Amino acid sequence: MATAEALAAAAARGDEPSRCGFDLSRSVLLAVREDRLIRPDLVVKFGDYLLNHHKKRLGQEIWALYEQMCIALLQYGKSSKAKPEAAKPDYMRRAQECCNILSAQFPESLRIKRLEGMMWEAKGDLDEAMKEYEIILQEDPNNLFAMKRQVALLRARGRMAEASRRLTDHLAIVCSDADSWLQLCDLYLSQQQYRKATFCMEELILLNPMAYIYHVRYGEILFTIGSAERGGNAEVVRTARKYFAHALELKPQGNLRALYGLLLCCAATGKGSKARGDAAELAAFAQQTLLQEYEMSALPSPWMKVVEGMIKTLLS
């Protein structure tokens, strides 16, 4: 059963497991697991039902369910939709029970060590979590989950340089990991290392040249470099302008970031520059398109005046 069909069928029965029965409840959990949906509410509800009423019918699938339940309980305990604070320790206790059952069944499994690391994180003991992920990486140096969890923990502790180093080491081996390039770019930006951030965006554009947002972000970083008070470069600003324009070619509608970027680049062009005529033409295009976008979104009249005033100030 497809994900949408399973969720719709369960919703038609009020997402009540006892009304859905074994087959539909199992299909819902399978759909959430295979499509990697973040629905801890459904997993906890339907998982409890299957474990309490149909444990023997699950066969070997029960281990996947325990893993799914453990992760969902950790998510649900931290969710704003979860029960009051007094109930949250119960989610932790039940998650620990699921983890203990899996540890007893698969004592050497790296997937279970991953769960144990997540348990330490949920308890707030980041040192123990780092140790668990380090054990995983010693046995499997290319374990993507453990590496990314360590990077997340390092970022949470403000150790940006070390997080950058770990991502750089990983990308030297797996250079097609777009998520890691994005993370590394964000890390460099947080440290104001704009030149290194541009390299990350160049790699992302090579990986997916049709992703308009990569061109927008690359243009934004180039504009930041080119418009700096010290060491600014008009040629870099013109290059940024090209990337904003290309982003608009890839996504002509609803691309406000590229339009504002184009306006900023045009405004930064010196009045005595030979390219000023082209910049004025582009600025007029960006201004007109921006106002059309806001008109199509039915922006209230007072806000339209604010937008018009802001654009006028920018180009004056």
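A charge is said to sit over a ring if NZ of Lys or CZ of Arg is within 6 Å of the ring centre and within 35 degrees of the ring normal. The model is predicted, so local features need pLDDT of at least 70 and side-chain atom pairs count only at pLDDT 80 or more, while totals for chains, interfaces and linings use all residues. Residues are numbered from 1 along each chain as its sequence is written, and side-chain values use heavy atoms, with hydrogens and water left out.

**View 1. Charges over the rings of phenylalanine 145 and tyrosine 212.** The charged end of arginine 114 is placed over the ring of phenylalanine 145, at 4.7 Å from its centre. Lysine 251 lies over the face of tyrosine 212, and here the distance to the ring centre is 5.4 Å. Phenylalanine 145 has a relative accessibility of 29% and therefore counts as partly exposed. Buried means under 20% relative accessible area, exposed over 50%, and partly exposed in between (1.4 Å probe, protein chains only).

**View 2. Aromatic pairs.** The whole structure contains five aromatic pairs. Rings of Phe, Tyr and Trp (its six-membered ring) pair if their centres lie within 6.5 Å; planes under 30 degrees apart count as stacked, over 60 as edge-to-face and the rest as tilted. One of the pairs is tryptophan 63 with tyrosine 66, which is tilted, with 6.1 Å centre to centre and 35° between the planes. Both residues belong to helix 4, three residues apart, or about one turn of the helix. Helices (H or I, at least four residues) and strands (E, at least two) are DSSP runs, numbered from the N terminus. Tryptophan 63 is partly exposed because its relative accessibility is 21%, whereas tyrosine 66, at 8%, is buried. Tyrosine 133 and phenylalanine 145 form an edge-to-face pair, 6.4 Å centre to centre and with 70° between the planes. This pair links distant parts of the chain, with tyrosine 133 in helix 7 and phenylalanine 145 in helix 8, 12 residues apart. Tyrosine 133 is buried, at 0% relative accessibility. Ring pairs also join Trp63, Tyr66 and Phe106 into a cluster.

**View 3. Helix 9 and its buried side.** Helix 9 covers residues 160-173, 14 residues in all, and reaches 21 Å from its first C-alpha to its last. That is close to the 20 Å expected at 1.5 Å a residue, where the expected span is 1.5 Å times one less than the number of residues. Ala163, Ser164, Arg166, Leu167, His170 and Leu171 are the buried residues of helix 9. They lie on the same side of helix 9, because they cover an arc of only 165° around the axis; the arc is that of the directions from the helix axis to the C-beta atoms. These buried residues pack against helix 7 (126-139), helix 8 (144-156) and helix 10 (178-190). Contact means heavy atoms within 4.5 Å. On the face turned away from the buried side are the exposed residues Ala161, Ala172 and Ile173.

**View 4. Proline 17 and helix 3.** Proline 17 is found in helix 2 (residues 17-34) and is buried, with a relative accessible area of 4%. Apart from neighbours within four places in sequence, proline 17 is in contact with Ser25, Lys45, Phe46 and Tyr49. Proline 17 and leucine 50 are 33 residues apart in sequence, yet their C-alpha atoms are 8.5 Å apart. The buried residues of helix 3 include Phe46, Tyr49 and Leu50.

**View 5. Glutamine 75 in helix 4.** Glutamine 75 lies in helix 4 (residues 61-78) and is partly exposed, at 34% relative accessibility. Not counting residues up to four places away in sequence, glutamine 75 touches Ile38 and Pro40. Its C-alpha atom is 8.9 Å from that of arginine 39, a residue 36 places away along the chain.

**View 6. Positive phi at arginine 36 and glutamine 192.** Most residues other than glycine have a negative phi. Arginine 36, not a glycine, has a positive phi of about 55°. Arginine 36 lies in the loop between helix 2 and helix 3 and is exposed, at 75% relative accessibility. Glutamine 192 has a positive phi of about 60° and lies in the loop between helix 10 and helix 11 (194-207). Glutamine 192 also counts as exposed, with a relative accessibility of 58%.
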